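Student: Hi, can you walk me through this one? I'm new to it.
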Amino acid sequence: MTRRHLAPAFAAIATAQLLLAACGHVPPARAPAAGTPPGVEAGCRVPGERGIVVGAGQPGDTTLPEPASGYRTGLQPAFARRYMVSTSNALASAAGCAVLARGGSAADAAVAVQAVLGLTVPEATGLGAGGLLLYYDAGRKTVQAYDGRETAPAAATGDYLRYIDAASERQAPLPSARASGRAIGTPGLPRLLEAVQRDHGRLAWRDLFGDAITLSTNGFPIGGRLADAIALNAASLKRDRAAAAYFLHADGSPKALGTRLANPAYADTLQRLAEQGADAFYTGSIAQDIVASIATTRAADGSPITPGKTTLADLAGYQAKRREPVCTTYREYWVCGMPPPSSGGITVASALGILEHFDLARYKPAAIDGEGGHPSVTGVHLVSEAERLAYADRDKYVADTDFVPLPGGTWDTLLNQRYLQGRARLIDLRASMRTASPGKLGTVPLGVDPALAEHGTSHFSIVDGDGNVLTATTTVESSMGSFHMTRGFLLNNQLTDFSADPADPAGTPYANRLAPGKRPRSSMAPTLVFRKAADGSRGDFLMATGSPGGGAIPQYVVKTLVGMLDWGLDAQQAAGLVDFGAFNSPITTLGGEHPYIDTADGGNRDALITGLRALGHTVGTAAQPSGVNTILRVRRDGVPVLQGGTDPRREGVVLGDTIRP
Ligand code: DON
């Protein structure tokens, strides 16, 4: 078990602001009025205790480096009056908050947040990546999904990832599919940001990159997770000249926690993006450099790299897509999620639709505290069984619907109440099903595809002063993506989210097989929850959430939703709550990084572990890399306010026009 006791998130904030202020992009601190109690809001600033940025790697940040699955206890929910931003990086939250304080919309703030994340957490996200988001327009009361998922190049075939050449060289790409040019999908994030900001921005696009450009130019101290990612991936980064020059010292040793890292190439890319829009990325010299990087055939040490086949036409033709969200009811709420090519929204909705048939509120955690309390055996049993059933269907049926339609041509086939009631009947309160079968749906034969483990993603949630909401998950796929770097950013390895083989051993094709122009199936699940109005329609906004975590993302999101909607946890408690859940396998996960999971003696002293084993679950206690960032609308003293929580397993902070907890 790994336990980390970090300074409260507030401590991060003052110095994050000071860093940006020092760069000249945030107005100087407005001192709290005389007599204002400590902790009371001052713009985006919350007075810090020791002025330490959690995760910024500064002297005094004794708690870092944070391993992939650390856990910091003692976080408190943050409260704000009108606007709030919750991200996994203090500098990104500060940049987003500064935009909101200037009157920017959630879409404007997202551009600033993402531009900084691409600098400070490049292991997880950046311009060479993809992302998915939901936007709630409070004025029109509409929810729109935006799909900035990467695409496979036009020249790709079903064998693109498994053979160098299906006819002449039937061996895996070198040095691996993931680290070769074959893994790299045409990036989607610049077009995604442009699309949502065009639709919903209030400030000028060109004015949203200032903090990121200044930080890239002047440098920022390497944080704990980034330091960790550099050290872990040093050998792979060494193969790419640009990545080695940026992340490693001249002698090849990894740059360590606290080292100041400036990225003038990224500053230049952002400047062009600011001035010319996303065209600056998808055409011209940046596009040429992306294509050249993907086409690399030799590593810096001379060893072979299998090139990808992305062309300038692939880049120029890339489009972010506006899609209809998957909105379903759960008890007295509406839950809206991401449609295909993500399986996230459908998997979450399926699990919830099954859980609705059980009185989950009876099985809430015991001794609920800041870390979410101690989950009950029956609570974990029910949720993980519902997830087995949901994953069984998603593994078989859900992929990019522009290529492979869902059974019946609609997600309703998988999510309608009658069908999910039947699925719920398969759950036995006394024994785990261990592995579920997919429902018998549709007429097209499809193989069942196994899940993958990944570590390169970030989630953020934003509410602006007018009540508009944006919740986004963005990803390079695995930590440091494909290790190909150009113009200051890493290129993703998102195409490894396709099924590696086009068909199962019997030759039945997978829905998620690779095809030119197709988007790999995602598990990302940015989620918005609304109250039901009196007439049953979608009513007021209640919460925004989501998480990184690869295939496990729906589990982290369901845990958060059940924690808040069924068990009454606040945004921070739900983020901190033990990460529990299951893929469609006999293993039920209880994140061993959590202080309340006792992994000593094979788990035999932990009543939750032994209780689940008695029901037939195989319990896994691997540390979990969730990164939940939630904003909830609540009433305090009769006044509506925002409440924010950030995952104690990452380095996030919540900022806004903050008020005392
Ligand atoms: O789209 C997906 O589902 C994955 N590429 C996300 C990867 C991920 O979340 C890694 N996380 N820490």
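Tutor: Start with a term: buried means under 20% relative accessible area, exposed means over 50%, and partly exposed is in between (1.4 Å probe, protein chains only). The model is predicted, so local features need pLDDT of at least 70 and side-chain atom pairs count only at pLDDT 80 or more, while totals for chains, interfaces and linings use all residues. Residues are numbered from 1 along each chain as its sequence is written, and side-chain values use heavy atoms, with hydrogens and water left out.

Student: OK. Is Ser350 buried or exposed?
Tutor: Ser350 is buried, at 4% relative accessibility.

Student: Which helix does Ser350 lie in?
Tutor: Ser350 belongs to helix α12. Helices here are DSSP runs (H or I, at least four residues), as are strands (E, at least two), numbered from the N terminus.

Student: And what does Ser350 touch?
Tutor: Ala390, Leu415 and Leu420, leaving out residues up to four places away in sequence. Contact means heavy atoms within 4.5 Å.

Student: Leu420, where's that?
Tutor: In helix α15, residues 417-424, where Tyr419, Leu420, Arg423 and Ala424 are buried. Seen down the axis of α15, these buried residues fall within an arc of 140 degrees, so they line one face of the helix. That arc is taken from the directions from the helix axis to the C-beta atoms.

Student: Why would residues three or four places apart point the same way?
Tutor: An α-helix has 3.6 residues a turn, so residues three or four places apart do that.

Student: What does the buried side of α15 pack against?
Tutor: Its buried residues pack against α12, α13 (377-397) and α14 (412-415). The face turned away from the buried side carries exposed Gln417 and Arg418.

Student: Back to α12. How does it cross α16?
Tutor: The axes of α12 (residues 344-355) and α16 (residues 553-566) come within 9 Å and cross at roughly 45 degrees. That makes α12 oblique to α16. Angles under 35 degrees count as roughly parallel, over 145 as roughly antiparallel, 65 to 115 as roughly perpendicular, and the rest as oblique. Axes are lines fitted to C-alpha atoms, for helices over the stretch in contact, with angles from 0 to 180 degrees between N-to-C directions.

Student: Which residues make the contact?
Tutor: From α12, Gly344, Thr347, Val348, Ala351, Leu352 and Leu355; from α16, Pro554, Val557, Val558, Leu561 and Val562.

Student: New topic: what about Ala280?
Tutor: Ala280 is buried, with a relative accessible area of 7%. Its place is in helix α9 (residues 279-282). Beyond neighbours within four places in sequence, Ala280 contacts Arg272, Leu273 and Ile286.
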